[in-house]
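Welcome, and thanks for taking a look at this model. Please load the sequence and the coordinates, and let's walk through them together.

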Number of protein chains: 2
Amino acid sequence: MSATIRDVARKAGVGLGTVSRVLNDSPLVSSATRQRVLNVIAELNYMPSHAARSLSLGKTLTVATIAPFFTRPSVVERLCGIEANLTGSGYHQIFFNVENVERRNECLRDVSRREYADGVLIISLTPHADEIAPILKSHMPVVLIDAEASGLTDVRVDNPYGGYLATQHLIDLGHQNIAYLSDPLQDPLYFDFTSSRDRYQGYCKALNDADIPIRPDNHVWGLHGRYEARCLARNLLSRYDRPTAIFAASDTQAMGVLEAARDLSVRVPDELSVIGFDDIDVAEYLGLTTIRQPLFESGARGVELLLEILGSEESYLPPKHEMLPIELVVRSTTAPCQE
Amino acid sequence: MSATIRDVARKAGVGLGTVSRVLNDSPLVSSATRQRVLNVIAELNYMPSHAARSLSLGKTLTVATIAPFFTRPSVVERLCGIEANLTGSGYHQIFFNVENVERRNECLRDVSRREYADGVLIISLTPHADEIAPILKSHMPVVLIDAEASGLTDVRVDNPYGGYLATQHLIDLGHQNIAYLSDPLQDPLYFDFTSSRDRYQGYCKALNDADIPIRPDNHVWGLHGRYEARCLARNLLSRYDRPTAIFAASDTQAMGVLEAARDLSVRVPDELSVIGFDDIDVAEYLGLTTIRQPLFESGARGVELLLEILGSEESYLPPKHEMLPIELVVRSTTAPCQE
DNA sequence: CTGTTAGCGCTTTCAT
DNA sequence: ATGAAAGCGCTAACAG
């Protein structure tokens with residue numbers, strides 16, 4: 001096995017408490033001995049045992065991340081932000097890839113169990129009231145990324161405003177018949193993603209502000225995914241009075257819309273304007289107009305907030321709420337209305 | 001804190017050695033007491049401490065994954081396969097996202113350090129001879145995914161064959177002037193990804209078999225990425241005798257080629273056939289003809305192989321080599337040569 | 001400032 | 001088949 005703290009102590013001619021103090025940046029050690037110990041540590045290529053530290057501290061020294069659908073481009077970006085800031089922090093990571101509701105419920109129920117982790121990051125999942133209570137009671141540090149729940153720290157974007165921005169852009173281009181394509185706005189049997197709902201608010205507000213009546217049939221929804229969006233959009237575009245513009249709640253869904261337009265030989269942007277949300281990597285490739293949100297950054301910032309809580313002495317810190325900026329990115333799938 | 005093994009023992013009226021035996025499926029315990037202990041465990045919602053187990057066992061109980069560029073779609077797929085099979089295995093995970101050569105070298109040098117992990121998965125990175133030696137000596141279980149190194153277990157695909165398949169498809173369509181666009185074939189200062197090189201072999205073989213001379217200027221390379229590929233392809237397509245078909249070493253690069261074609265108003269597939277490699281998610285969306293390799297599966301299978309080694313009593317197991325199947329997926333970016 | 005010591009929760013001999 | 005006890009490497013409280 002590799003060198004232990006005892007080896008270091010012996011070789012440096014000090015007690016092993018001193019070595020521990022050096023490791024933990026305790027001020028209670030003279031700079032002379034500190035230097036000596038540091039030298040030996042380097043010499044022996046010593047590295048503290050995570051397990052022993054963890055056991056002794058009574059902490060797991062690991063951070064859990066719960067996220068739906070790891071492979072979705074937007075989630076990948078966020079996870080990368082997390083990885084970037086967690087690697088080198090001394091914390092281990094465990095991941096829960098949520099792909100169905102049972103697992104969602106299970107994960108959110110077990111969040112507060114100390115056995116897994118000292119802190120947890122939750123992406124895009126909104127804990128219900130009865131799930132929040134145990135979390136709060138347990139004092140388990142939790143940071144929500146792209147979600148919001150009373151009493152919990154979060155980092156997110158202003159989704160209603162994003163919906164407003166997107167819709168306003170289309171209105172500015174002269175569109176009146178504007179559809180919104182999204183996930184189900186609420187589905188207690190499903191995941192209860194909230195961004196679609198929030199963006200819908202902005203969509204409605206923009207229409208209202210412009211005195212454009214809101215047509216219920218101009219809002220269609222289905223499971224998240226390109227394929228599903230394609231079907232939905234195909235219906236929309238087959239309509240007698242089809243919309244001249246579609247606002248998709250995500251770039252992935254916007255891709256489905258573009259596919260549907262292609263299927264039906266509807267020219268984009270001449271006959272149909274399309275705007276997405278997220279600005280994932282391929283959006284630029286597709287020339288997709290979209291609302292950009294800082295995905296990587298959201299993960300990175302989430303970790304920072306969590307480490308802050310973890311590092312704090314206080315048993316209770318008031319929840320923080322951080323709003324990341326979003327912006328309209330105009331590319332080539334939106335154009336003035338031709339009608 | 002939560003229940004410990006001691007609580008369970010007390011409540012079940014047994015010694016804590018017995019509980020431990022139950023936990024570890026030791027045969028040295030009567031089914032009566034086993035059942036009793038199991039009941040108490042369920043009742044107390046007991047869960048063994050990872051750290052304590054780890055410390056006592058002298059193992060880290062964690063698996064490390066080293067991979068370049070976590071956000072690349074192909075890597076994401078592989079990582080997901082890993083996550084899927086590692087979650088629930090009892091092992092923790094740590095990730096090393098390699099984004100530059102220094103980090104690559106550092107990671108590959110430290111692979112054999114027991115402090116980090118009991119086993120490691122390496123994606124798409126090929127250890128050099130001087131890096132392999134310490135690994136072998138340390139007996140650290142290592143599984144290579146999408147890479148190969150003498151003495152180490154790996155799971156990969158037949159890249160030369162893939163290159164052959166792709167090129168042969170183009171030849172079958174009547175193309176003669178076929179370019180190959182890839183990463184640098186070898187660059188000791190870079191990452192030494194080998195797939196580009198291997199696929200190039202297949203490319204050459206297919207041309208040879210068809211008695212088509214290999215034109216050195218028909219092979220262009222640059223850093224991996226859509227942008228870079230776009231520039232390279234633009235040069236290629238601006239040539240007086242531009243190729244009628246391009247084989248890109250990855251779908252991402254193929255996307256760059258499609259962009260370049262669009263830039264120069266070269267119609268695909270009428271004037272230019274394009275084939276990629278990987279069959280990442282967007283390939284289908286783009287209608288990109290490509291060589292599909294099982295990415296998710298590669299990660300999943302890699303974990304299985306690693307867990308097999310980890311679970312084995314033997315200190316040495318002969319390395320295994322697994323080849324996953326690949327296949328040509330014909331879509332709409334390839335067509336018969338018009339000339 | 002520094003050395004010594006008692007656990008952290010578990011596995012694993014060693015007795016019985 | 002089972003209980004008792006040692007020890008994994010570290011931190012923190014205590015004594016100097």
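## Ground rules

This is a predicted model, in which local features need pLDDT of at least 70 and side-chain atom pairs count only at pLDDT 80 or more, while totals for chains, interfaces and linings use all residues. Residues are numbered from 1 along each chain as its sequence is written, and chains are lettered from A and ligands numbered from 1 in the order in which they are written.

## Two copies and their axis

Two copies of a chain are related by a rotation about an axis and a shift along it. Here, chain A is superposed on chain B by a rotation of 180° with 0.1 Å of shift along the axis, giving an RMSD of 0.2 Å. The two copies are thus related as by a two-fold rotation axis. Within chain A, the residue that comes closest to the axis is Ala51(A), with its C-alpha at 2.3 Å.

## Where the chains meet

Chain A brings 31 residues to the contact and chain B brings 30 residues; two residues are in contact if their C-beta atoms, placed from the backbone, lie within 7 Å. On the side of chain A that touches chain B, the elements giving two or more residues are α4, α5 (73-86), β2 (92-98), α11 (251-263) and α12 (281-286). Helices (H or I, at least four residues) and strands (E, at least two) are DSSP runs, numbered from the N terminus. The largest share, six residues, comes from β2(A).

By class, this side of chain A has 14 nonpolar, 11 polar and six charged residues. Ala, Val, Leu, Ile, Met, Phe, Trp, Tyr, Cys and Pro count as nonpolar, Asp, Glu, Lys and Arg as charged, and the others, Gly among them, as polar.

## Around the DNA

There are 28 residues around DNA strand C, and the closest are Val14(A), Gly15(A), Gly17(A), Ile5(B) and Ala52(B). A residue is near a strand if its C-beta atom, placed from the backbone, lies within 6 Å of it. Helices α2 and α4 of both chain A and chain B each give two or more residues to this surface. Its classes are 13 nonpolar, 13 polar and two charged residues.

DNA strand D has 27 residues around it, of which Ile5(A), Ala52(A), Ser56(A), Gly15(B) and Gly17(B) come nearest.

Helix α1 (residues 5-12) of chain A has Ile5(A), Val8(A) and Ala12(A) as its buried residues. A residue is buried if 20 or more other C-beta atoms lie within 10 Å of its own, exposed if 12 or fewer, and partly exposed in between, with C-beta atoms placed from the backbone. Their cover includes α2 and α3 (31-44) of chain A.

The largest nonpolar core has 82 residues, and Ile66(A), Leu121(A), Ile122(A), Ile66(B), Leu121(B) and Ile122(B) touch the most other members. A second, separate core of 80 residues includes Leu207(A), Val282(A), Ala248(B) and Met255(B). Such a core is a set of buried Ala, Val, Leu, Ile, Met, Phe, Trp, Tyr and Cys residues joined through C-beta atoms within 7 Å.

Leu125(B) sits in the loop between β3 (119-123) and α7 (129-138) of chain B and counts as buried, with 23 C-beta neighbours inside 10 Å. Among the residues that Leu125(B) touches are Ile66(B), Val98(B) and Phe191(B).

## Backbone details

Most residues other than glycine have a negative phi, and most peptide bonds are trans. The bond from Val268(A) to Pro269(A) is cis, with omega near 10°, and the bond from Val268(B) to Pro269(B) is also cis, with omega near 10°. Pro269(A) is in the loop between α11 and β9 (273-278) of chain A.

Asp211(A) has a positive phi, near 60°, and is exposed, with 7 other C-beta atoms within 10 Å. Asp146(B) also has a positive phi, of about 60°, but counts as buried, with 27 C-beta neighbours inside 10 Å.

Note on methods:
Least-squares fit on C-alpha atoms with pLDDT ≥ 70 in both. Lists of a residue's contacts leave out its neighbours within four places in sequence.
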